Amino acid sequence: MLFIRSMCCLAGVAGLVAVSVASAAPRADGGLLDEQPAAALSVPTDHALDREIIVNNWVLCVSQGFAEELVQAREVSAQAAAETYEELKAEKSCGLFPELLVILREPLYIGSIDQNRDARVFEALVNLAGNWASAFVVSGSLAD
């Protein structure tokens with residue numbers, strides 16, 4: 001049943017991930033989101049880079065901007081994160097997956113770690129129905 005639910009969620013987000021991978025357009029930051037330099041980010045030991053790992057209850061987003069928007073909302077509150085997630089989900093820009101097979105490539109954004117609000121954005125390869133696609137994943141809890 002978990003597999004079936006994952007595949008249902010996967011269908012909507014996977015199409016957008018495939019489109020974003022195929023278009024390979026340059027990233028347009030628009031100056032809306034503050035980015036921390038990648039060199040300043042440290043990866044916790046439980047997030048191994050460049051290895052296949054299975055993650056649970058992570059959010060998959062089609063762009064770095066959407067993933068960062070979600071983490072920044074989480075820095076405000078769990079309610080703000082829930083509202084932002086629902087908007088992104090409705091737009092088929094992000095989706096929560098009970099289980100994902102990923103290869104984390106690079107940490108891109110680390111949210112505030114105060115008060116159990118540790119959420120992070122990674123550039124990753126995600127295994128979607130046996131095929132690897134580039135995407136952005138959000139680790140950490142969106143709730144309190």
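1. The sheet. In this predicted model, 6 strands make up an open sheet. Their order is E1-E4-E5-E6-E2-E3, and the pairing is antiparallel. From one strand to the next, the twist averages 45°. Strands of a sheet pair through backbone hydrogen bonds, in a parallel or an antiparallel way.

2. The edges. Which strands stand at the edges? They are E1 (52–55) and E3. Each has a single partner strand, so one side of each is left without a neighbour in the sheet.

3. E1 and its partner. Look next at E1 beside strand E4, residues 100–110. The two pair in the antiparallel sense over 4 bridges.

4. E5 and E6. Strand E5 covers residues 120–128, and strand E6 covers residues 131–139. They are joined by 9 bridges in the antiparallel sense. Ala 124 stands opposite Ala 135 in E6. The two strands form a hairpin, with 2 residues between them. Ala 129 sits in that turn, and its phi is positive, about 55°.

5. E6 and E2. E6 also pairs with E2, and here 3 bridges join the two strands. They run antiparallel. Cys 61 has Phe 136 as its bridge partner in E6. E2 itself spans 58–61.

6. The salt bridge. How many salt bridges does a search of the whole structure find? The search finds 1. The side chains of Asp 50 and Arg 105 meet in it, at 3.4 Å from N to O. Asp 50 lies in the loop between H1 and E1 and Arg 105 in strand E4, so the pair ties together parts that are 55 residues apart in sequence.

7. Asn 57 is not a glycine either, yet its phi is positive, at about 60°. Asn 57 is placed in the loop between E1 and E2.

8. A charged patch. Which residues form the negative surface patch? They are Glu 69, Glu 83, Glu 87 and Glu 91. Of these, Glu 91 lies in the loop between helix H3 (78–90) and strand E3 (94–97).

Technical notes:
Residues are numbered from 1 along each chain as its sequence is written. This is a predicted model: local features need pLDDT of at least 70, side-chain atom pairs count only at pLDDT 80 or more; totals for chains, interfaces and linings use all residues. Side-chain values use heavy atoms; hydrogens and water are left out. Patches are made of residues with over 30% relative accessible area and no salt bridge: like charges are joined within 9 Å, nonpolar side chains (Val, Leu, Ile, Met, Phe, Trp, Tyr) within 5 Å. Accessible areas come from the Shrake-Rupley method with a 1.4 Å probe; for residues, only the protein chains shown count as cover. A salt bridge is a side-chain nitrogen of Lys or Arg within 4 Å of a carboxyl oxygen of Asp or Glu. Lys and Arg count as positive and Asp and Glu as negative; His and the chain ends are not counted. The place of a charge is taken as NZ of Lys, CZ of Arg, CG of Asp or CD of Glu. Two strands pair if DSSP finds at least two bridges between them. Axes are lines fitted to C-alpha atoms, for helices over the stretch in contact, and angles run from 0 to 180 degrees between N-to-C directions.
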